[in-house]
Amino acid sequence: MANTSAAVVGAGLSCSSVYLSKRPISQFSQSSRRFCCVKMAVSLDEKKNFTLKKSEEAFTAAKELMPGGVNSPVRAFKSVGGQPIVIDSAKGSHMRDIDGNEYIDYVGSWGPAIIGHADDEVLAALAETMKKGTSFGAPCLLENVLAEMVISAVPSIEMVRFVNSGTEACMGVLRLARAYTSRPKIIKFEGCYHGHADPFLVKAGSGVATLGLPDSPGVPKAATIDTLTAPYNDFSAVEELFKTHKGEIAAIILEPVVGNSGFIPPKPDFLNAIRKLTKENDALLIFDEVMTGFRLSYGGAQEYFGITPDLTTLGKIIGGGLPVGAYGGRREIMEMVAPAGPMYQAGTLSGNPLAMTAGIHTLKRLMKPGNYEYLNKITSELTQGLLEAGKKTGHAMCGGYIGGMFGFFFCEGPVHNFSDAEKSDTEKFARFYRGMLEEGVYFAPSQFEAGFTSLAHTSEDIQQTIAAAEKVLRRI
């Protein structure tokens, strides 16, 4: 039975040395036990001074080597200020930077780490696969295995094409929608991010919103002239676009739950109304489930809400932390893709054995009973705890969660679209963010990004995060 409402509630702590020392040694792998013994040799009353000296040195050097010192803009901490942290390692729900600071991680590599970082079973499977080779540029049997798993799980997908990133998946699905319908125009929503391809960099979210960029230089008007936009959750605006551009719209593409403007769920019946409107106008409905796929439920947002789109994009989780993407949908549409059909798209590393292996073993874990109930439980505890901490300390906050995805804003709310999200106190978020880093909690370094939990997060992680949040909120 479809779930039709998102939990609306929302924020973060960590004293990692105490957390680790409480766990039985038998629960750790051999390498983890060595680390745990070192931690327990230190008095629990001692607190390591928080320093980012090594991160600062590394980042200063990086700025001479890479634009802004990073390979993806939001990592530069432009919207939160302070020193970006340089990560050394990650395991389970924790990450450690090169200065030795440990953090409870609620970014999870921006979503893929749903079973935790560096999972032992996934690492073992990768080690075995690597013995056979890392890339063939030719078919391998693992592609069939993961394809069958994806098709079995996601209601809309009858055939799937693997690519190497979410951006690549959205590029391919846009070309496919136009090829199938023989129409030029698409509708996207303000604040939704579908990768950095030219047609999508119109009122985009994620790093574009984080850096306050209206659009991107270098994108010619010709590339975006057929991109129409509407506010998310505003059905009447979408309806008006179909009236104005009758017979010209190939598809609507949307995040069924927005994650690139912060966490923004759909209003009741919004997705149903959009589905009905596309059918009435012979246009396609595309769910960009790069974030929500296998995270809200095993079948993604479309299973959770009980709404089946025509096409779906996936990424992140289906590669188990390795670079991957995919698009899929109804067989009659997918058979337009070359070499079955005339719509061309290709990729040297698409379907490579390492990404396929990591994806297979991640999905196998997610299939086990009780996992999504557990994700929902801990994410509920976290989100409600953060909002309660805000209430106790006199800060206006709102937020929500579904499954292993959550978010919060420093405003009264409710937040239904990007314009509402922009009302959040971003300066306060920045102070909160920096304070939480010092307390050992790593959130996404932007008010306009969702957060993620994993099966590796424990109740102790959640309680430590909430305690840290209350401490920081009182201080700011």
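The second largest cavity of this predicted model has a volume of about 50 Å³. A cavity here is a set of points, on a 1 Å grid over the protein atoms alone, where a 1.4 Å probe fits but cannot get out; the volume is the space filled by probe spheres set on those points, which are joined across faces, edges and corners. Lining residues have an atom within 4 Å of a point, and for this cavity they include Asp 105, His 117, Arg 295 and His 457. By class, this lining has 2 nonpolar, 7 polar and 2 charged residues, with Gly counted as polar.

The largest cavity has a volume of about 100 Å³. Among its lining residues are Tyr 106, Phe 406, Phe 408 and Glu 449, and they divide into 7 nonpolar, 4 polar and 1 charged. Strand E13 (residues 405-409) gives the most to this lining, with 3 residues; strands are DSSP runs of at least two residues, helices of at least four, numbered from the N terminus.

What about the packed interior? In soluble globular proteins, nonpolar side chains tend to be buried together. A nonpolar core is a set of buried (under 20% relative accessible area, 1.4 Å probe, protein chains only) Ala, Val, Leu, Ile, Met, Phe, Trp, Tyr and Cys residues joined through side-chain atoms within 4.5 Å. The largest has 40 residues, and Phe 189 and Leu 254 are among those with the most contacts inside it. Helix H10 (residues 270-280) gives the most to this core, with 4 residues. Apart from it lies another core, of 37 residues, including Tyr 106 and Val 441.

Residues are numbered from 1 along each chain as its sequence is written, and side-chain values use heavy atoms, without hydrogens and water. Local features need pLDDT of at least 70 and side-chain atom pairs count only at pLDDT 80 or more, while totals for chains, interfaces and linings use all residues.

Notes
On a 1 Å grid over the protein atoms alone, a cavity is a set of points where a 1.4 Å probe fits but cannot get out, and a pocket is an open set with protein on both sides within 12 Å along at least five of seven lines; lining residues have an atom within 4 Å of a point. Buried means under 20% relative accessible area, exposed over 50%, partly exposed in between (1.4 Å probe, protein chains only).
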